[in-house]
Amino acid sequence: MPGVVEQAAVPAGEAGAGLPPGAAGVSIKDVPRPGQPADRAGGAPAGRGADAVPRRGARWRWGPVAVAAAAVALTVLGVLAFCAFGGTAAASPGRAPGTAVVVASFNFPESELLAAIYALALMQAGIPARLQLGLGPRELVQPAVAQGLVDVVPEYLGTALVSLEPGAGVATSDPVAVRHELVRALARWKVQVLQPAAAQDQDGLVVTGATAARLRLRTVSDLGPLAPQMVLGGAPECAQRPSCLPGLRRVYGLEFARFVPLDTEQERIDALGQGVVDVVVTGTAGGYLASGDLVLLADDRQLQPAGNIVPVVHAGAVERYGARLAGALDAVSARLTTSDLIYLNRRVTVAGHNVLAEARTWLERQGILPEPG
């Protein structure tokens with residue numbers, strides 16, 4: 001595989017133009033192995049999202065130019081969101097054959113890992129790829145792929161569908177039915193849905209082992225009579241998303257005393273351990289769950305939609321590279337398991353390992369990339 005991980009400015013009109021600060025394009029020429037020093041793409045030890053977004057308090061250290069640039073970029077994507085998801089899709093930018101495929105991630109480490117894995121697999125197949133790590137939450141990423149500003153996003157099957165069509169008339173826990181509906185929902189923006197992986201990650205409610213033992217908690221339903229005395233922590237978006245706080249009220253009847261928005265998984269786990277919150281919403285494949293100190297409550301009423309990882313691809317990239325592109329991405333999905341995801345998340349979010357190095361090592365273990373030497 002060719003050369004060094006480098007920051008790459010994105011030319012105006014190229015995929016990735018107009019994206020927020022922190023989502024600058026990254027051209028991959030070589031990927032560090034475990035133990036090697038690394039640049040921005042996953043080099044810092046991270047909690048969930050820390051590779052992509054400032055830690056608490058850091059946002060106030062941005063200079064006025066960065067704040068103004070962020071406001072402009074978010075305004076641009078807000079306009080795109082109105083166009084793309086308000087009914088009429090704007091024309092996607094045309095790009096010449098051979099233009100790099102832009103693989104974008106959401107703003108948390110698991111998504112960055114997945115984006116890096118899929119991007120490296122594309123490069124191994126001879127397709128040039130550029131990473132947009134930490135592009136933002138779903139509210140920014142979905143319109144970006146709909147407009148062709150980015151080409152590939154590792155999505156979550158049911159969550160993607162629910163965000164587009166909250167009232168979709170299918171059992172959202174059924175991955176086959178959900179994929180069928182997602183294909184239909186995204187077709188209007190010329191976005192294709194590839195084959196989902198067996199690997200799943202959903203939102204889950206987590207308590208400490210001590211809390212679970214003291215209150216005899218095993219399922220989300222067990223929280224019913226206790227919730228009014230408990231504080232819930234979660235991502236800021238949880239307050240509005242149908243499968244998070246509104247869904248907990250609707251499906252389980254849970255009315256928590258208070259909701260505390262916490263940006264990253266690290267912040268949520270820390271808040272739980274320090275007693276700032278009693279329950280947190282976090283990923284069911286999160287690396288912190290492997291420690292054995294936390295208890296994931298069973299979603300006994302199946303609020304959470306199927307969480308299978310699935311690449312969604314703008315048709316422009318398929319037109320440029322054809323079946324070779326889908327084949328390279330599907331080969332990754334065919335090998336990716338939930339156990340892999342938990343292991344990789346623990347390596348990055350708990351042990352602080354490099355995102356790109358871990359992505360490369362996983363691909364080598366699967367035989368998608370050649371072993372070193």
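A search of the whole structure, a predicted model, finds nine salt bridges, each defined as a side-chain nitrogen of Lys or Arg within 4 Å of a carboxyl oxygen of Asp or Glu. Local features in this predicted model need pLDDT of at least 70, side-chain atom pairs count only at pLDDT 80 or more, and totals for chains, interfaces and linings use all residues. Residues are numbered from 1 along each chain as its sequence is written, and side-chain values use heavy atoms, with hydrogens and water left out.

| Salt bridge | N to O distance |
|---|---|
| E165 and R184 | 2.7 Å |
| R249 and E255 | 3.5 Å |
| E364 and R360 | 3.3 Å |

E165 and R184 form a salt bridge that links distant parts of the chain, 19 residues apart: E165 lies in the loop between α4 (157–164) and α5 (175–187), and R184 in helix α5. E165 is buried, at 17% relative accessible area, while R184 is partly exposed at 42%. Buried means under 20% relative accessible area, exposed over 50%, and partly exposed in between (1.4 Å probe, protein chains only).

R249 is partly exposed, with a relative accessible area of 40%, and E255 is partly exposed at 45%.

E364 and R360 both belong to helix α12 (residues 355–365), four residues apart, about one turn of the helix. Both E364 and R360 are buried. Elsewhere, salt bridges with shared partners join E165, E181, R184 and R188 into one network.

The chain as a whole has twelve helices and twelve strands, which are DSSP runs (helices H or I, at least four residues; strands E, at least two) numbered from the N terminus. Of its 373 residues, 52% are buried.
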